[in-house]
Amino acid sequence: MWRQHTAKQMIKYGAAGAAAAAATYSGIQYYQKRTGKQMTLASMYPKSSLIYADPLETPTPPGMRPHAFWTPPKRQEMLNDLKGLSRDGSDTKTEGDREFDLLVIGGGATGAGCTLDAATRGLRVAMVERDDFASGTSSKSTKLVHGGVRYLQKAIMGLDYEQWKMVREALHERKTFLNIAPYLSNELPILLPVYTWWQLPYFWIGCKMYDLLAGKQGITGSYALGRSKTLENFPMLRADGLVGSLVYFDGQHNDARMNAALAVTAAAHGAVVANHVEVTSLIKERDADGHEHVRGAMVRDNETGDEWAVRARGVINATGPFSDAILKMDEPAMPDIVAPSSGVHLVLPSYFSPKNMGMLDPATTDGRVVFFLPWEGGVVAGTTDTLCDVEADPKPSEKEIEWILSEIRRFLSPEVKIRRGDVLAAWSGIRPLVRDPRAANTKDLVRNHMIHESDSGLITIAGGKWTTYREMAKETVDRAITSFALRPLRDCQTESIRLIGSHAWSDTMFIKLVQNFGVDLDVAKHLAHNYGDRAWAVCALADHSGAQYPALGQRIHPLYPFVDAEVRYAVQYEYALSAVDVIARRMRLAFLDAQAARESLPKVIEIMAAELKWDDKRKKEEHGKALRFLTTMGLPDSILSEPTATKGSRNGYVNMQTTSDLNFLDPASYYRRGVFSAEEIGAILAAFSEFDVHGDGHIEVKDIQPLFSAINVPLPAEGIDAYLNAASIDHQNPGSSVEVEQIFDVLGDIKEAVNAKGRKPKGELNLNQIPTHRSGGGV
């Protein structure tokens, strides 16, 4: 929302805003004096257009609130239902019972949302997903539940009612989102740093308008901070020139786990949901007039290869970036409606951001915004907005990664150094911007979402964003009910249907998990936050640790609170069928730390093998598939030919012995969190101590070259003066004192430079990003 403006422009905008506010206030006073009534939002809008409706009070039907140990139908039972059989596999259904009211293709946020909406209205609905729930864009978002501050700026500056309406609807959905899945979503304060004094009132007005537009569906209000308080709250921020900041609030969530909760909640309400089931073609029938109508699809179980027909009165295409593939099954000559855009995100260690506050860079080098947000123990940074091709698992390029890092470096303190090795994970999500094929100008992108109905009745829902998935689903199911003459038992219920895990969850639930199961405190908090009241069922599947405390739960990786029970729960309760399903979309480890996910694979695969009866061949295949997936999460392709690191190599000790064959040519270190190995640290410390003749922790500048020679450091051809300057070493004075941490800084920079050759992008970081007036600023 925050484009840079001159002081003259600010005076103009400020005067216009003041005039508008004065006119509004005068109008309200006149209305109240004339009518004797208090003006409210309800009196300003007709009931038919009022967007700030309270959540529906209709309770979930009796028996439809799954208890903490409720088990969803097994996958085979779901497949039997899809095949027109009873869930036990018997062929007892009538011809009418074999047909669904709706078949939803796509198990992302929109597809799962449509399925839950239809099921809670009493319709018989099935959903199939080629890969896994949230395997595409729905797991690769910015993790925000937001109205879009950039869209609001465009609405105001361009007097654009459609943009304004879109923000208003998204803010309404934000509140609903936080209500129906309280354990998976939360409010997050986001700081806007200000480096020009006249921007403070501009940002303040913008934030207050954002609050006001939310109405009674708003969350915590925005506020201003002075310079000292800004640095106190966000000490990593660049202090030079800082004036102060504005803090506004938006929502945040765990996107893939939210998607899984939608699918399982739909199953709890009677829907048939099946992942790893692919649509191979559409079934069409002709009516009495000879017109073709889509009446189902041929599907294939990608686990077994079985194929069969699924018949339905109507079909919804909710496949996001892959919408065109399904549309062409219906109409081969159909022009593409999706304009795919790649949004790259990085995850950095938690120490780069405060635990409970994010930041938005309001003015990147190309006029976009960059988010910097704490999430699940890491920090998410992004995003880009570049044209791309549609593919299942796109890879973020090194150029895109470096662009984000370069933007981050601009607003962080010079003392906070971010290098490529700090990137724990990186992913590219394809945002499906859409064109209306029936619009006068088919090149123009639809600003929000679009529902398209083909001549044969195939309904396609595309575009939009995570925050508005529920409203998109509602509109789509409404359209389907009308088009296919369906007879739901009730109106839309999803504004009040709480997702599975929400009913008995509380902020303090983790305490009971510690007391009753003896799980580690960090693990208990993690389980409560990611599973809600279903954490009881997760804990019941945990192995004994062999210790008095923690008594239950063996960690998958020592650095993260994911435990063995989560793997079993993912298989038994959430339809996980592959190692990637677990490490990426049930436990999120691949999104938090790709290397940790790699190291966890053997344990994850062994647990899944016991649950799913895998043989050694399948286990090897799963390991290979998972490694290939991790190369799309920021790890180099070289991991496909490297042996998995052993515990011994990770947990080496510092051996303080000088060695002459120390190898700084270590390509893997470019991607590694720690620059130096234990052996290198020992050699550096040993060499430093030999030159520290006084034993006071210092050497002199004249000792640097001999020290580097002692440990075989490959000196850059351009010399090391630039590296010494970066470490604040006075290299012009041979007798100047140098501390050991400065030596580590210099050697770290040299090692990164040496191993970055051929990996770090060269030249200008121009990404050919989609113009902000077409994309909304990449947010």
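**A walk through a predicted model**

Hi everyone, let's start with Tyr575, which sits in the loop between α17 and α18 (579-586). Please keep in mind that this is a predicted model. Tyr575 is not a glycine, yet it has a positive phi of about 65°. Is Tyr575 buried or exposed? Its relative accessibility is 5%, and buried means under 20%, so Tyr575 counts as buried.

Now follow the chain to Arg588, in the loop between α18 and α19 (589-592). Arg588 is not a glycine either, and it too has a positive phi of about 65°. With 1% relative accessibility, Arg588 counts as buried.

Let's step back for the overview. The protein chain has 27 helices and 21 strands. Of its 779 residues, 55% count as buried. Take the contacts between residues at least 6 apart in sequence: 73% of them join residues at least 24 apart. The accessible surface is about 33000 Å², with 53% of it belonging to carbon and sulfur atoms.

Next, please find strand β1, residues 100-105. How many of its six residues are buried? Six of the six are, so β1 is largely enclosed by the rest of the structure. Strand β1 runs parallel to β10 (residues 307-317), and five bridges join the two. To get from β1 to β2, the chain passes through helix α5 (residues 109-120), making a right-handed β-α-β crossover.

What about cysteines? A disulfide is a covalent bond between the sulfur atoms of two cysteines. A search of the whole structure finds zero disulfides. Cys114 counts as buried, at 1% relative accessibility, and Cys207 counts as buried at 1% as well.

There are also cis peptide bonds to look at. One joins Gly382 and Thr383, with omega about 25°, and Thr383 lies in the loop between β14 (378-382) and β15 (386-387). Another runs from Tyr549 to Pro550, with omega near -5°. Pro550 is in the loop between α16 (535-539) and α17 (564-573).

Let's finish with helix α23, residues 678-691. At 1.5 Å a residue, its 14 residues should span 20 Å, and the end C-alpha atoms are 20 Å apart, which agrees. Its buried residues include Ala683, Ala687 and Phe688.

Conventions
Residues are numbered from 1 along each chain as its sequence is written. This is a predicted model: local features need pLDDT of at least 70, side-chain atom pairs count only at pLDDT 80 or more; totals for chains, interfaces and linings use all residues. Side-chain values use heavy atoms; hydrogens and water are left out. Helices (H or I, at least four residues) and strands (E, at least two) are DSSP runs, numbered from the N terminus. Buried means under 20% relative accessible area, exposed over 50%, partly exposed in between (1.4 Å probe, protein chains only). Contact means heavy atoms within 4.5 Å. Accessible areas come from the Shrake-Rupley method with a 1.4 Å probe; for residues, only the protein chains shown count as cover. The expected span of a helix is 1.5 Å times one less than its number of residues. Two strands pair if DSSP finds at least two bridges between them. A crossover is right-handed if, with the strands pointing away from the viewer, the path from the first strand over the helix to the second runs clockwise. A disulfide is a pair of cysteine sulfur atoms within 2.5 Å.
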